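User: I would like to go through this structure with you, beginning with the overall layout and then the details. Please keep the answers plain.

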Amino acid sequence: MAENRIEPGGNIIDIKHVSKWFGDKQVLDDVSLYIRKGEFVTILGPSGCGKTTLLRILSGFETASEGEILLEGADITQTPPHQRPMNTVFQRYALFPHLNVYDNIAFGLKLKKIKTNIIENKVRRALKMVGMTDYEHRDVNSLSGGQQQRVAIARAIVNQPQVLLLDEPLAALDLKMRKDMQMELKEMHKTLGITFIYVTHDQEEALTLSDTIVVMSEGVIQQIGTPTDIYNEPENCFVADFIGESNILNGIMIEDRLVKFMDTEFKCVDEGFSNNAPVDVVIRPEDIYIMAHTENAMLHGRVSSCIFKGVHYEMTVQLPNGYELMVQDYNAFEPESEVSLIIKPSDIHVMKKERTCNTFEATIVDDTHIDMLGATFECMPHGLEKDTEVKVEVDFGKIELTDDKEDGMLEGDVRLILYKGNHYHLTIVTDEDDYLYVDTNDVWDDGDMVGINILPEDIRIIKN
Amino acid sequence: MNKLIKFISRRSTWAIPYVIFLLLLVVLPLILIGVYAFMDYSGNFTVANFVKFIEQPEAIKTFVYSVAIAIITTFLCILLGYPAAYILSNKEYNRSKTMVLLFILPMWVNILIRTLATVSLFDITGIPLGEGALLFGLTYDFLPFMIYPIYNTMMKIDKNLIEAAQDLGANQLRVFLKVILPLSMPGVVSGIMMVFLPTISTFAISELLTMNDIRLFGSIIQENIMLSDTMNYGAALSLIMLLIIGITSFFSGDEESEVSHGGII
């Protein structure tokens, strides 16, 4: 999945096929990425996606289990953190409580045995840069969160590192302060010309700050691109759902520039798919035109909810065929009002489906049983020899989830929920770290523990 | 009835048992020591007891010797206890709580029993008792009281600070000197208080470990208090020791509060 940009010269950092295991658990899976000199790169993803681990591998606090890290072409995979020309701004500031503001900032410079008067100058300049002049002799414990974060930034940039690593530096600040600091960080990046590598789970922050965004999920890079690319051309459902609001729907590409979803054929601009290929369709809610009922529109429906969001209204429109669409518009349409919708071909974004059903590796136990996913399942008689290795397919809709995890053959937890207009598409991770994809009409929450059952007649065995 | 419930439910009421305990067993004896120290055998006011202390080189010598033994013991405890606490608090070397328990376990056994065991140990191995045995015994008795507070402070040090120091270019030695050492000082100060103060006034341990050969200040006080005609002199000696301990703990206490203010977020 980790699709790489074409590698030009002048990269400051090359991450090559890096994987990381903590015990049996794989947190990074063959991550490759290069970072250009002076770039502002954001690694974006939900918690547990491996973004912080990747940053810690860059700073040297963790070592990659596989792969290598190059800094300006030199291998630094095994270099200890204190010898890397990078500095980190920590999420919880990590200021030294026994030192005042000045000594905190001078910490790195003093270690390099720089002359005192030069240190003084540099510290002053760093303090000025973060807008904290005259705070030199203050006790760091007496500072507010925002001020502490500024000192932490000053402490890192004063060393003039080649790369500045920022680990969710604004996560602990309140909204207003966060917005201010975002602008200041962007300004700082421009002035200093240092490469910034920024880790966050906040998609808005990523869109605001970055030159390049790296979207990660489950230890894998999902997409690399500019903020506009990521927003307008998401590569898969995960990216589309994670960045901004979206309507994600199952569809079929009938032919080039003609796609069918919600039982309706739409003109679109995508081509190059095979005819009748199953696809995912993404439509941003702000790209759907909503108006009072008129005969010559594409879709007709009834508004089921309307919420004022500050600048626009967010409405849910119920279509007669059971589908639901989220629509954003400056005009409000009251609930229960009949409306019509128009979607422009260029606003329909078609993505290749990553999979159309679940596929598992399995081993035959006897004529009516197979081993897969760490359990033994009953299946229909198949006449294959014991111990034969086979592939098993199970449709998304044929996996049954139970509230009580004891009731299932397997246990797992819900990781990712996509609403597909008329049903939910869930990603379930079992205790054995296998991934299952389930279509359901029931409402589940992220992190729910569920029991998993598959009926014998829904297990399709395919000989290898 | 209502008044009674109100009285019982007030939080300050709950302190009454302890306040009575405090008055009877701490405040009253202190007052008595003060009063007796300024009295002669027949009950008249006098400062002769203090004059006697200053004039008697023997008493002063014992006092200085006791302080020296206490300082050496404390020093030995830091020397042995600090690295032990450092290793125990470091997840890389110590993954289980079992090791911590093993280090702290001696605290569960009465100090006199441990001392008696030490005496038998010296007897069995045939090493003569004396000054060496005294230092060994005191260090062995009080070592857990040094390790535990240092270990506790070290466990509370934010691991991010160590990473921050490494990130800013500090190698392991520098991380230790510039971050761990200063931040563990509150623990060291508590450890000193818990080792130094009781060792100054110890007497039973020194008697057992030196076959009554070396007499520490505590022994002298005890001997004088036991005899009714020198009881007042004993009270004066107690008061002198109390004052000196008070002054030292006042200073170190001051320092501790200052350091720990910075040490704990």
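User: How far apart do the C-alpha centres of domain 1 and domain 2 of chain A lie?
Analyst: In this predicted model, the two C-alpha centres lie 39 Å apart.

User: Into which domains is chain A divided, and what are their bounds?
Analyst: Chain A has domain 1 (11-240), domain 2 (247-352) and domain 3 (358-463).

User: How many residues does the contact take from domain 1 and from domain 2 of chain A?
Analyst: Domain 1 of chain A supplies 6 residues and domain 2 of chain A supplies 5 residues. On the domain 1 side, the residues comprise 3 nonpolar, 1 polar and 2 charged.

User: Leaving aside neighbours within four places in sequence, what is Ile197(A) in contact with?
Analyst: With that exclusion, Ile197(A) contacts Ile35(A), Val41(A), Ile43(A), Leu55(A), Leu58(A), Val163(A) and Leu165(A). As a general point, nonpolar side chains in soluble globular proteins tend to be buried together.

User: A change of topic: what is the strand order in the open sheet of 5 strands in chain A?
Analyst: The order is E15-E19-E16-E17-E18, with antiparallel pairing. Strands E15 (288-292) and E18 (324-329) of chain A are the edge strands, each pairing on one side only. From one strand to the next, the twist averages 45°.

User: Over how many bridges do E15(A) and E19(A) pair?
Analyst: E15(A) and E19(A), the latter spanning residues 338-343, pair over 5 bridges in the antiparallel sense. Ala292(A) stands opposite Val339(A) in E19(A).

User: Finally, how many residues does the contact take from chain B and from chain A?
Analyst: Each chain is represented: 18 residues come from chain B and 18 residues from chain A. On the chain B side, helices H8 (159-167), H9 (172-200) and H12 (231-263) each supply at least two residues. H8(B) gives the most, with 6 residues.

User: How do the residues on that side of chain B divide into nonpolar, polar and charged?
Analyst: The side of chain B that touches chain A has 8 nonpolar, 6 polar and 4 charged residues.

Key
Residues are numbered from 1 along each chain as its sequence is written. Chains are lettered from A and ligands numbered from 1 in the order in which they are written. This is a predicted model: local features need pLDDT of at least 70, side-chain atom pairs count only at pLDDT 80 or more; totals for chains, interfaces and linings use all residues. Two residues are in contact if their C-beta atoms, placed from the backbone, lie within 7 Å. Helices (H or I, at least four residues) and strands (E, at least two) are DSSP runs, numbered from the N terminus. Ala, Val, Leu, Ile, Met, Phe, Trp, Tyr, Cys and Pro count as nonpolar, Asp, Glu, Lys and Arg as charged, and the others, Gly among them, as polar. Two strands pair if DSSP finds at least two bridges between them. Axes are lines fitted to C-alpha atoms, for helices over the stretch in contact, and angles run from 0 to 180 degrees between N-to-C directions. Domain bounds come from an automatic or database domain assignment.
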